[in-house]
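I opened this entry to keep track of what I looked up, going from strand pairing to cores and then to single residues.

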Amino acid sequence: MAAALSRRQAFCAGRVSRSQTVVVRAATWQKATSKSALSAAGGKQVVELGGAKVLVVETDGEVYAVSNKCSHLGLPLVGKTAMFQGQVSNKCIVCPAHNTAFDLATGEVKGEWCPKFPTLPLVGKIGDKKPLPTYQSRVDEAGNIEVYV
């Protein structure tokens, strides 16, 4: 993990102007949910941690945490409507919008990138193949699920 830059370092590197505010936030373990709540939610639950929507998934006895925003168009993998309910299969979450499968452990794309989208002349699938951001997760003795955000 890269170290956060101080305001002075960020300014000197040309990343911020004098009038911009730099917010430095340290990553910490945060309680996301519990095993029982996750099971009651069908093994998939979206939580907000550190300003990010995180999808917590339990499959085959393991708990994973990934960004709930698809890396292609930023659409939710699990949303509020039946249309946006990504399915878990073979330790992957499958985007409901374009059917790309992302490995829950690594975020890497498994199989074809955007199989629901046509391949267009000169532009391809509209957007480069990008992995899904992942987070470390753990379960404590009490059954609480924590995510490192």
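**Strand pairing**

I began with S10 and strand S11 (residues 144-148), which pair in the antiparallel sense over three bridges; strands here are DSSP runs of E of at least two residues, numbered from the N terminus, and two of them pair if DSSP finds at least two bridges between them. Within this pairing, I found Val147 in S11 as the bridge partner of Ser137. I then noted that the model is a predicted one, in which local features need pLDDT of at least 70 and side-chain atom pairs count only at pLDDT 80 or more, while totals for chains, interfaces and linings use all residues. Residues are numbered from 1 along each chain as its sequence is written, and side-chain values use heavy atoms, with hydrogens and water left out.

I placed the pair in an open sheet of three strands, with the order S1-S11-S10 and antiparallel pairing. Strand S1 (29-34) and strand S10 (137-139) are the edge strands, each pairing on one side only.

**Cores**

Next I looked up the largest nonpolar core, which has 15 residues, and those with the most contacts inside it are Leu55, Leu77, Ile93, Phe102, Leu104 and Leu132. I take such a core as a set of buried Ala, Val, Leu, Ile, Met, Phe, Trp, Tyr and Cys residues joined through side-chain atoms within 4.5 Å, where buried means under 20% relative accessible area, exposed over 50% and partly exposed in between, with a 1.4 Å probe and protein chains only. Strand S3 (52-59) and strand S4 (62-67) each supply at least two residues of this core. Apart from it lies another core, of eleven residues, among them Leu38, Leu49, Ala65 and Ile145.

**Ser67**

I turned to Ser67, which lies in strand S4 and counts as buried because its relative accessibility is 10%. Not counting residues up to four places away in sequence, Ser67 touches Lys53, Leu55, Leu77, Leu132, Pro133 and Tyr135, a contact being heavy atoms within 4.5 Å. I also noted that a polar atom of the Ser67 side chain lies 3.1 Å from the backbone nitrogen of Lys69.

**Positive phi**

Which loop holds Asn99? I found Asn99 between strand S6 (92-94) and strand S7 (101-103), with a positive phi of about 70° although it is not a glycine. Asn99 counts as partly exposed, because its relative accessibility is 37%.

Cys114, in the loop between strand S8 (109-110) and strand S9 (134-135), has a positive phi near 55°, and its relative accessibility of 0% is why I list Cys114 as buried.

Notes. Helices (H or I, at least four residues) and strands (E, at least two) are DSSP runs, numbered from the N terminus. A polar contact is a pair of N or O atoms within 3.5 Å; within protein, one must be able to donate a hydrogen and the other to accept it, and residues adjacent in sequence count only if both atoms are side-chain atoms.
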